[in-house]
Amino acid sequence: MRYQFVGKNMEVGEKTKEKIEAKLARIQKFFPEETVVTVTLSSEKLGTNIEVTIPYHKRMIRAEVRDADMMAAVDEAIDILENQVVRYKKRLRT
């Protein structure tokens, strides 16, 4: 998987990128190697907004989470994505 990081109202540091990539490795097994994952991080008054978008078989799998803690928001977004992928794969099997 290839990653694109976009920061709105903030700069995304190398350590933050590495942490997010490590957490996204959990769902990497569901996607082919050439998949491009777009992670958008934006800072707001009340916290951080995380948006993860993955194009997959003519569909878009997307999760958007707002939380005060950035890593907690990333964890929640990955949980949402994992549930969406599992449901989509089950639908394809039936």
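Buried means under 20% relative accessible area. The model I am reading is predicted.

**Entry 1: Ile61**

I found Ile61 in strand β4. Leaving out residues up to four places away in sequence, I listed what Ile61 touches: Phe31, Val52, Thr53, Ile54, Tyr56, Leu81, Gln84 and Val85. I also checked the distance to Phe30, which is 31 residues from Ile61 in sequence. From C-alpha to C-alpha, Ile61 and Phe30 are 12 Å apart.

**Entry 2: Glu64**

I stayed in strand β4, where Glu64 also lies. Is Glu64 buried, exposed or partly exposed? I noted 43% relative accessibility for Glu64, so Glu64 counts as partly exposed. With neighbours within four places set aside, the contacts of Glu64 are Asn49, Ile50 and Glu51. I looked up Ala25 as well, 39 residues from Glu64 along the chain; the two C-alpha atoms are separated by 18 Å.

**Entry 3: helix α2**

I turned to helix α2, which runs over residues 70-93 and has 24 residues. From its first C-alpha to its last, α2 reaches 35 Å, close to the 34 Å expected at 1.5 Å a residue. Which residues of α2 are buried? I wrote down Met70, Met71, Ala73, Val74, Ala77, Ile78, Leu81, Val85 and Tyr88. What covers these buried residues includes α1 (14-24), β2 (36-44), β3 (47-56) and β4 (59-67).

Beyond its neighbours within four places in sequence, Val74 is in contact with Ile20, Lys23 and Ile50. Leu41 is 33 residues from Val74 along the chain, and I have their C-alpha atoms separated by 9.7 Å.

**Entry 4: the nonpolar core**

I next looked up the largest nonpolar core, which has 27 residues. Those with the most contacts inside this core are Ile20, Ile27, Phe31, Val39 and Val52. At least two residues of the core come from each of α1, β2, β3, β4 and α2. Which element gives the most to this core? I noted α2, with nine residues. In soluble globular proteins, nonpolar side chains tend to be buried together.

I followed Val52 out of that set. With neighbours within four places left aside, I have Val52 in contact with Val37, Thr38, Val39, Ile61, Arg62, Ala63, Ala77 and Leu81.

**Entry 5: the cavity**

How many cavities of 30 Å³ or more does a search of the whole structure find? I recorded one. The largest cavity holds about 30 Å³ of space. Its lining is made up of Ile20, Leu24, Val39, Ile50, Val52, Val74 and Ile78. Two or more of the lining residues come from each of α1, β3 and α2. By class, I have seven nonpolar residues in this lining, with no polar and no charged ones. Ile20, Val39 and Val52 are in this lining and are also among the residues with the most contacts inside the largest nonpolar core.

**Entry 6: Ser42**

I looked at Ser42 in strand β2. At 9% relative accessibility, Ser42 counts as buried. I listed its contacts, apart from neighbours within four places in sequence, as Lys8, Met10, Gly47, Thr48 and Asn49.

**Entry 7: positive phi**

I looked up backbone angles last. Most residues other than glycine have a negative phi. I noted two exceptions, Asn9 and Lys58.

Asn9 has a positive phi of about 65° and is not a glycine. I located Asn9 in the loop between β1 (2-8) and α1. With a relative accessible area of 70%, Asn9 is exposed.

Lys58 has a phi near 65°, again positive in a residue other than glycine. I located Lys58 in the loop between β3 and β4. Is Lys58 buried or exposed? At 90% relative accessibility, I count Lys58 as exposed.

Note on methods: Residues are numbered from 1 along each chain as its sequence is written. This is a predicted model: local features need pLDDT of at least 70, side-chain atom pairs count only at pLDDT 80 or more; totals for chains, interfaces and linings use all residues. Side-chain values use heavy atoms; hydrogens and water are left out. Helices (H or I, at least four residues) and strands (E, at least two) are DSSP runs, numbered from the N terminus. The expected span of a helix is 1.5 Å times one less than its number of residues. Buried means under 20% relative accessible area, exposed over 50%, partly exposed in between (1.4 Å probe, protein chains only). Contact means heavy atoms within 4.5 Å. On a 1 Å grid over the protein atoms alone, a cavity is a set of points where a 1.4 Å probe fits but cannot get out, and a pocket is an open set with protein on both sides within 12 Å along at least five of seven lines; lining residues have an atom within 4 Å of a point. Grid points are joined across faces, edges and corners, and a volume is the space filled by probe spheres set on the points. Ala, Val, Leu, Ile, Met, Phe, Trp, Tyr, Cys and Pro count as nonpolar, Asp, Glu, Lys and Arg as charged, and the others, Gly among them, as polar. A nonpolar core is a set of buried Ala, Val, Leu, Ile, Met, Phe, Trp, Tyr and Cys residues joined through side-chain atoms within 4.5 Å.
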